[in-house]
Amino acid sequence: MVTAAYSYLGSSALDGGLTLQTSGGPAAHPRFFTGFLTVPGAAATGLLAVAEVARTRYFRPLPPASLDPVVTAGGDRLRFESFSGCCGVHARLDVLPAGLDGDIVGHGTTNVDVDLPLRRALSRVGAGEAMHLAVGPDELAVTTFDGRLVERRVPLPTRWLRGFAEAQVLTARFDARAELGVTEARALFHRLPADRSVLWAVAAGRSLRLTSRPVPGAVCLPGAGRLAALKPFLRYATGLRVYGPAVTAGSAPVASAWELSMPQQRLSLTLSPEPYRGFPGEGTVLESLTSDEVADDADLVSALLTGDPAIDVDTLATASGLDAARVRDALTQLGTAGRVGYDLAEAGYFHRALPYTADAAERMSPRLTGARALISAGAVSVGAEVSRVVSGGQTYHVRDAAQSCTCPWWARHRGGRGPCKHLLAVRMARSGKTATTIADTEAAA
């Protein structure tokens, strides 16, 4: 595990107002916002929830990792995000225009310092009156700074990048499945079990009924105990909305998103399909990483992205000269670099400026790395219907029509966690990838 240091000009503090120190992004210590929080109690509770998820491992609990959340400033809102230490839970607090009374003075994404003293202070914030918020250091404080940085060495969360990518692709396929009032939401959370069992939530009147088997229209609830971070926000929320993909009676566990909302803010948790599965291993982004055409489109679309709070596909299509379908594919590709997120409440994408490239995401994917190695070793023999891949002393057969492979990975997951490296290698070989082209690409990286 690579270790990195977050470097702050000082510790974040709550003293009359809330000042969040920043580290990295468009500058060493960018300043994104200055103004007031109109509902400070809700913002404090939501920020605490995001920070709590960042320091929690829901599967095989270990001591907290103390990873700092990231904040994205775009247009008229602030989005605070984190992943759990096990990367199986994604948390996001959206502070909407109605929740802010001030100016977004910068655009981009940065880490923010949320240490133990600040968490303790935030836990004591009530509804109260509007509270001042500064995201980034005060200019005067910078000019009088005595030179001692606050640094915290932590495991570099490269898995967060892969998690951002997978969560974006998965949630873009979700639809709203149920909407509850806050009274029904409180009752639901009160009866949720705290274990790791996989349950299914089915609409029943104005509430949800929990069952152990999937049925059409149900939403998967994999490990209800992982929703604990939402509970404190219930005292501010006006309702709960639940999102998920379409399922059938025989569906395997799938991811889902649970969102508490109020006019000024939204707090959501997205759960991986099972408590022991982290988002980085889901493999949903692998399809888009193998196409050269999509990569070229992504470069074009990336140059057109701005700090607007939402990405309009039709506007991008007009500006880029691509059709809407190719723009969506390009956004998926950009999502693999964590540069695009998906807002379920608004059913649209937003720009997130993490300092990574799609190439970085690709290099961190073991299956893509394995697929390139197979092509470089001359282990792939492409056939009309069945292709052969020699791997680990075994010969595996890939059927293009069925998109299947005879390897143990495919036998275990049946495509439910993306393609195996053998299937990826065959697809890449069919698209023209060779040992030479791969070597040239790696040399240029």
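This is a predicted model: local features need pLDDT of at least 70, side-chain atom pairs count only at pLDDT 80 or more; totals for chains, interfaces and linings use all residues.
**Exercise 1. Determine how E52 pairs with R55 and how R77 pairs with D76, and describe the exposure of each residue.**

*Solution.* 
Step 1. A salt bridge requires a side-chain nitrogen of Lys or Arg within 4 Å of a carboxyl oxygen of Asp or Glu.
Step 2. In the pair E52 and R55, the closest N and O atoms are 3.6 Å apart, and a salt bridge is formed.
Step 3. E52, at 35% relative accessibility, is partly exposed. R55, at 23%, is partly exposed as well.
Step 4. R77 and D76 also form a salt bridge, with an N to O distance of 3.0 Å.
Step 5. R77 has a relative accessibility of 8% and is buried, whereas D76, at 30%, is partly exposed.

**Exercise 2. Which parts of the chain does the salt bridge between D400 and R430 tie together?**

*Solution.* 
Step 1. The closest N and O atoms of D400 and R430 are 2.3 Å apart, and the two residues form a salt bridge.
Step 2. Locate both partners. D400 is in the loop between β24 (394-399) and β25 (404-405), and R430 is in helix α13 (residues 421-430).
Step 3. The pair therefore ties together parts that are 30 residues apart in sequence.
Step 4. R430 is partly exposed, with a relative accessible area of 40%.
Step 5. Turn to the wider picture. Salt bridges with shared partners join D76, R77, R79, R92, D94, E259, R266, D343 and E346 into one network. The whole structure contains 18 salt bridges.

**Exercise 3. Describe how helices α8 and α9 cross, and which residues make the contact.**

*Solution.* 
Step 1. The axes of α8 (residues 313-320) and α9 (residues 324-335) come within 9 Å and cross at roughly 105°.
Step 2. Angles of 65 to 115 degrees count as roughly perpendicular, so α8 is roughly perpendicular to α9.
Step 3. On the side of α8, the contact involves V313, D314, L316, A317 and S320; on the side of α9, it involves A324, V327, R328 and L331.
Step 4. Sorted by class, the contact has 6 nonpolar, 1 polar and 2 charged residues.

**Exercise 4. Which residues of helix α11 are buried, and what is the phi of G378, which follows the helix?**

*Solution.* 
Step 1. In α11 (residues 366-376), the buried residues are R367, L368, G370, A371, R372, L374 and I375.
Step 2. The phi of G378, after the helix, is positive, near 70°.
Step 3. For context, the chain has 14 helices and 25 strands. Of its 445 residues, 54% count as buried.

Methods. Residues are numbered from 1 along each chain as its sequence is written. Side-chain values use heavy atoms; hydrogens and water are left out. Buried means under 20% relative accessible area, exposed over 50%, partly exposed in between (1.4 Å probe, protein chains only). Helices (H or I, at least four residues) and strands (E, at least two) are DSSP runs, numbered from the N terminus. Axes are lines fitted to C-alpha atoms, for helices over the stretch in contact, and angles run from 0 to 180 degrees between N-to-C directions. Angles under 35 degrees count as roughly parallel, over 145 as roughly antiparallel, 65 to 115 as roughly perpendicular and the rest as oblique. Contact means heavy atoms within 4.5 Å. Ala, Val, Leu, Ile, Met, Phe, Trp, Tyr, Cys and Pro count as nonpolar, Asp, Glu, Lys and Arg as charged, and the others, Gly among them, as polar.
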